[in-house]
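I want to look up the ligand site and the pockets. I start with the ligand.

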Amino acid sequence: MKTLIVSLAAAAVSVCASATGPDTTLVATGNPLFRHKYTADPAALVHDGRMYIFAGHDVCPPPHNHYHIDEWLCFSSADLRTWTEHSVPLRAADFAWARGEAWAGQVVERDGRFYWYVTVEHATDRGKSVGVAVADRPEGPYRDARGSALISNSMTSPESGMMWDDIDPTVIVDDDGQAYLIWGNRRCYMARLAPGMTEIEGEIRTIDLPSYTEAPWIHKHDGHYYLSYAAEFPEKIFYAMSASIDGPWEFKGVLNELAGNCNTNHQAIVEFGGNWYFIYHNGGADVNGGSFRRSVCIDRLTYEPDGSIRPIRMTSEGIW
Ligand code: FUB
């Protein structure tokens, strides 16, 4: 592994108040970015001069080791140093048809509205499912946009035989206005979204990617499509590139190495203020961190002249 990624001595965030009510302010000085709460599965959105980071709130108490995530959190910043923690914008319980488990998702903007695609456990169609919530502002509050799952187990399990394959949605609204949903564990699924963003249209396809595990993230840069994803287990982040959203995808190898004492890594990639950032989680907040008490980190991402991405250098000092 490259630069030290789990440093208990890393500089901390100062917290001015708790953030269950009004917005609060935090100042980040290193990785992990936030240290007052465990934060997992980051998704980033840039809107109106601010970067928003949406994350699951890991609350599994030590010494237990399992996922316990009831709600998602939202942080935003205009300079990546001073962060606002917004009042909790969405909880798994906000999806009446689900029975908890606020797993990974992503927020995208379309026509002035913000759509948050998330993973929750379905109450009746056994297994993980994808829901979508909508808000008028990136920080919410969000409400269930459909009253039912967008993707549920019976839509994909006949093919996969799995109950946890419908997780980790990522969405891109392409330059021609067509939106695509990509998701999946062990299988990387893809479908078109209808213009309203709350229904899929057409068939569900699969994308073949070497050693694919989960956590797809789709982004575009300089005419290239990039599909990064968690591979193997414990997870590294691999990526593939294509000239078309429909592929073929050219496998490009390792983008990020194992995240130390955390068996998942879950990345988001965005441009902000002319720089590109790789946002992920590790288990490095404190001695009780690890795979089920994770923490969001941010490091720089650099493109090579041919459009490929230089392997990420995870740091404890972060981007400052
Ligand atoms: O947070 C629960 C699961 O862990 C996510 O859905 C995966 O991507 C992994 O990070």
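My entries follow, ligand first, then pockets.

This is a predicted model: local features need pLDDT of at least 70, side-chain atom pairs count only at pLDDT 80 or more, and totals for chains, interfaces and linings use all residues. Numbering runs from 1 along each chain as its sequence is written, and side-chain values use heavy atoms, without hydrogens or water.

**Ligand.** I then looked for polar contacts (N or O pairs within 3.5 Å). A polar side-chain atom of Asp-41 is 2.4 Å from a ligand oxygen. For Asp-168 the distance to a ligand oxygen is 2.5 Å. For Tyr-67, a side-chain N or O atom is 3.3 Å from a ligand oxygen. The protein covers 99% of the 280 Å² of accessible area that the ligand has on its own (Shrake-Rupley, 1.4 Å probe).

**Pockets.** I took a pocket as an open set of points on a 1 Å grid over the protein atoms alone, where a 1.4 Å probe fits, with protein on both sides within 12 Å along at least five of seven lines; lining residues have an atom within 4 Å of a point.

Which pocket does the ligand take? The ligand takes the space of the second largest pocket (more than half of its atoms within 2 Å of the grid points). That pocket holds about 250 Å³. Its lining has 17 residues, with Tyr-67, Trp-103, Ile-167, Asn-185 and Glu-214 nearest the centre.

The largest pocket holds about 480 Å³. I found 21 residues in its lining, 13 of them nonpolar.

How values were computed. A polar contact is a pair of N or O atoms within 3.5 Å; within protein, one must be able to donate a hydrogen and the other to accept it, and residues adjacent in sequence count only if both atoms are side-chain atoms. Grid points are joined across faces, edges and corners, and a volume is the space filled by probe spheres set on the points. Ala, Val, Leu, Ile, Met, Phe, Trp, Tyr, Cys and Pro count as nonpolar, Asp, Glu, Lys and Arg as charged, and the others, Gly among them, as polar.
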